Amino acid sequence: METILNISDLSKTYQSAGRSLTVLEQINFSITAGSTNAIVGPSGSGKTTLLGLCAGLDRSSTGTVELNNINLGRLSEDQRAQVRNQYVGFIFQNFQLLPTLTALENVMVPLELRGEKNCKARATELLDKVGLADRGHHYPAQLSGGEQQRVSIARAFSNRPKLLFADEPTGNLDAETSEKVVKLLFDLNKDAGTTLVLITHDLELAAKTQRILRIKGGRLIADEKNN
Ligand code: ADP
């Protein structure tokens, strides 16, 4: 089976206020294209840092990240951004929508960056898919948390990513919205073969994936297959 992400001997040490803090140590795993995966573990165990390294948002201290057979460590920041734009969707824990752009414009950003035509029509279609066709002209501050999360999902889907990373995609949502969001993610996996890597505290969501990676104290302590 095709490997879409390969992480080898990965570690990350942050330098802050003259101190160094190692938050990930010797992490090894690979992710199969088209699979669904959960990363679970206590708060502060390094999950968000790990996801950022996998997606090329940040650089590791040692080890390698290969995304679609491209070694991200060898690339400049601009080149990593290009790889992300081509292959990766990222759903941030706090949504990270641009406050001065409308919902529609936020979804259009990655499409415009890729130089696609008909960005507006495609963004409208995506907003419709997440049930927000009538919210396109609203600014993030005019939307509820659940609506903002759905805009961020539409944006993450927009470049038809091979790999979708999501940091607590249901963390800020009520049960009903959470169910909708989870369905959107798994439909994308089923319909487009998008590989999912989700950080979650939600054990029900983790149980829906094919594999659970457990992180504790910056180390991968278990790698379990779900039935
Ligand atoms: P989790 O997602 O599991 O809650 P994080 O990856 O967010 O864990 O954080 C792991 C550790 O790294 C925490 O101790 C956090 O304070 C620290 N950390 C995260 N980002 C930075 C940063 N930019 N600079 C310094 N320390 C950081």
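I started with strand E1 (residues 3-16), which pairs with strand E4 (residues 62-67) in the antiparallel sense over 5 bridges. This is a predicted model, so I treat every value below as computed.

Next I followed E4 onward. E4 also pairs with strand E5 (residues 70-71), again in the antiparallel sense, over 2 bridges. Here Leu67 has Ile70 of E5 as its bridge partner. The hairpin of E4 and E5 has 2 residues between the strands. One residue I noted in this hairpin is Asn68, with a positive phi near 50°.

**The six-stranded sheet**

I then traced the open sheet of 6 strands. Its order is E6-E7-E8-E3-E9-E10, and the pairing is mixed. Which strands stand at the edges? They are E6 (88-91) and E10 (219-225). Each has a single partner strand, so one side of each is left without a neighbour in the sheet. From one strand to the next the twist averages 15°.

I looked at the E10 side in detail. Strand E9 (residues 211-216) pairs with E10 in the antiparallel sense over 6 bridges. Within this pair I found Ile215 opposite Leu220 of E10.

**Val197**

Val197 lies in strand E8 (residues 195-199). Is Val197 buried or exposed? I count 24 other C-beta atoms within 10 Å, and the cut-off for buried is 20 or more, so Val197 is buried. I listed its contacts, leaving aside neighbours within four places in sequence: Ile31, Asn37, Ile39, Cys54, Leu163 and Phe165. I also checked Phe90. It is 107 residues from Val197 in sequence, but the two C-alpha atoms are 9.7 Å apart in space.

**Helices**

I turned to helix H5 (residues 145-157) and helix H6 (residues 175-192). Their axes come within 10 Å and cross at roughly 5°. Angles under 35 degrees count as roughly parallel, and H5 and H6 are therefore roughly parallel to each other. On the H5 side the contact is made by Gly146, Gln149, Arg150, Ile153 and Phe157. H6 supplies Thr177, Val181, Leu184 and Leu188. By class I have 5 nonpolar, 3 polar and 1 charged residues in this contact.

Helix H3 (residues 103-113) came next. Its buried residues include Ala103, Leu104, Asn106, Val107, Met108, Pro110 and Leu111. What do the buried residues of H3 pack against? I find helix H2 (77-87), helix H4 (119-129) and H5. Just after H3, I noted that Gly115 takes a positive phi of about 70°.

Most residues other than glycine have a negative phi. I noted Gln26 for its positive phi, near 50°. Gln26 is found in strand E2 (residues 19-32). With 13 C-beta neighbours inside 10 Å, I score Gln26 as partly exposed.

Gln96 also has a positive phi, near 50°. I located Gln96 in the loop between E6 and H3. Gln96 has 14 other C-beta atoms within 10 Å and is partly exposed.

**Record check**

Last, I looked up the UniProt annotation. The unreviewed entry gives "domain: ABC transporter" for residues 5-227. In the model, the end C-alpha atoms of residues 5-227 lie 22 Å apart. I logged this span as 35% helix and 30% strand.

How values were computed. Residues numbered from 1 in each chain as written. Predicted model: local features only at pLDDT ≥ 70, side-chain atom pairs only at ≥ 80, totals over all residues. Pairing = 2+ DSSP bridges. Helix = DSSP H or I, 4+ residues; strand = E, 2+ residues; numbered from the N terminus. Axes fitted to C-alpha atoms, helices over the stretch in contact; angles between N-to-C directions. Parallel < 35°, antiparallel > 145°, perpendicular 65-115°, else oblique. Contact = placed C-beta atoms within 7 Å. Nonpolar A, V, L, I, M, F, W, Y, C, P; charged D, E, K, R; others polar. UniProt positions renumbered as here; feature names shortened; annotations may be inferred. Buried ≥ 20, exposed ≤ 12 C-beta atoms within 10 Å, placed from the backbone.
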